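Good morning, colleagues. Please look at the structure on the screen while I go through a few selected features.

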Amino acid sequence: MPESKKTPLNDWHRSHGAHMVEFAGWEMPLNYKPGIVEEHLATRRFGGLFDISHMGRFGISGEGALPFLQYSLTNNALALDPGQAQYTVIADENGAAVDDAYLYRLDEKEYRLVVNASNTQKDWDWLQEVRKKFPGVALENHSASLAMFSLQGPLSKTLLEDLLKESGSRLPDPGRNNERKVVIEGTEVEIGRTGYTGEPLGFEIFLPAGRAVAIWEKILGRGS
């Protein structure tokens, strides 16, 4: 069996007592010493920070980006303004689901598609095939260069607002699925009001992989 891939935070997880397991080809922290129940309750009552860097992240840009997405995805990408996101499904030529995904419109002609870890290679291969029909589309795999955190729970907004005071940045506008570029610890990152925990308040953070540990520790320090 090939060695599991690691996120930029794997050594940090291990050094802090995480129970590491194999998941979809990745070495993942299943839980920490307090246990899953305590982690669940902490997220529901206060907030929880999750390393979701194992998920796939594709950049899609260029003149043909929108037609490409309209062909590839089931939801209407044209409905998104820059700084908005939507849940969607990657469909094959018969309309069957290849994977479910989240699409972020970062700029007029720049998008990010977040896919499931277990399907990243399959999704990439399929989208590369579709791309052949659409000249003027740049498709880039940022899964290794871009880390991704999920900060969910009742106190997540207060924590991030406090953190952003140092740079004068603002959170994305109120309302689920809004997204904005901000600065944390001198690094430009992107924050989306997205996430799968079911919490009314929740954010997902995209950041350079090389800054993952420093920013992770900064967020934890504000939440302790």
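I begin with Pro135, which is placed in the loop between helix 4 and strand 8 (138-141); helices (H or I, at least four residues) and strands (E, at least two) are DSSP runs, numbered from the N terminus. What we are viewing is a predicted model, in which local features need pLDDT of at least 70, side-chain atom pairs count only at pLDDT 80 or more, and totals for chains, interfaces and linings use all residues. Residues are numbered from 1 along each chain as its sequence is written, and side-chain values use heavy atoms, with hydrogens and water left out.

Is Pro135 buried or exposed? Pro135 is exposed, at a relative accessible area of 69%. Here buried means under 20% relative accessible area, exposed over 50%, and partly exposed in between (1.4 Å probe, protein chains only). From Pro135 to Thr197 the sequence separation is 62 residues, and the C-alpha to C-alpha distance is 38 Å.

His13, in helix 1 (residues 10-15), is buried, with a relative accessible area of 1%. Leaving aside residues up to four places away in sequence, His13 touches Ala18, Met20, Pro29, Tyr32, Asp51 and Trp216; contact means heavy atoms within 4.5 Å.

Let me turn to the cores. A nonpolar core is a set of buried Ala, Val, Leu, Ile, Met, Phe, Trp, Tyr and Cys residues joined through side-chain atoms within 4.5 Å. The largest one has 22 residues, and those with the most contacts inside it are Phe149, Leu160, Val189, Ile191, Ile205 and Ile219. At least two residues of this core come from each of strand 9 (146-152), helix 5 (156-164), strand 10 (179-184), strand 11 (187-192), strand 12 (202-208) and helix 6 (212-223). Apart from this core lies another, of 21 residues, including Val98, Leu113, Val115 and Leu139. Which residues does Ile219 touch, not counting residues up to four places away in sequence? They are Leu49, Phe149, Leu151, Leu159, Leu163 and Ile205.

Next, the helix pairs. Helix 5 and helix 6 pack at an angle of about 115 degrees, and their axes are 10 Å apart. Axes are lines fitted to C-alpha atoms, for helices over the stretch in contact, and angles run from 0 to 180 degrees between N-to-C directions. Leu159, Asp162 and Leu163 of helix 5 meet Lys218, Ile219, Arg222 and Gly223 of helix 6. By class, this contact of helix 5 with helix 6 has 3 nonpolar, 1 polar and 3 charged residues; Ala, Val, Leu, Ile, Met, Phe, Trp, Tyr, Cys and Pro count as nonpolar, Asp, Glu, Lys and Arg as charged, and the others, Gly among them, as polar.

For helix 3 (residues 65-72) and helix 4 (residues 120-131), the angle is about 120 degrees and the axes are 11 Å apart. The contact is formed by Phe68, Tyr71 and Ser72 of helix 3 with Leu127, Val130 and Arg131 of helix 4. These residues of helix 3 and helix 4 divide into 4 nonpolar, 1 polar and 1 charged.

Finally, some backbone geometry. Most residues other than glycine have a negative phi. Ala24, although not a glycine, has a positive phi of about 50 degrees; Ala24 lies in the loop between strand 1 (19-23) and strand 2 (26-31) and is partly exposed at 29% relative accessibility. Glu185, also not a glycine, has a positive phi of about 55 degrees. Glu185 is found in the loop between strand 10 and strand 11 and is partly exposed, with a relative accessible area of 35%.
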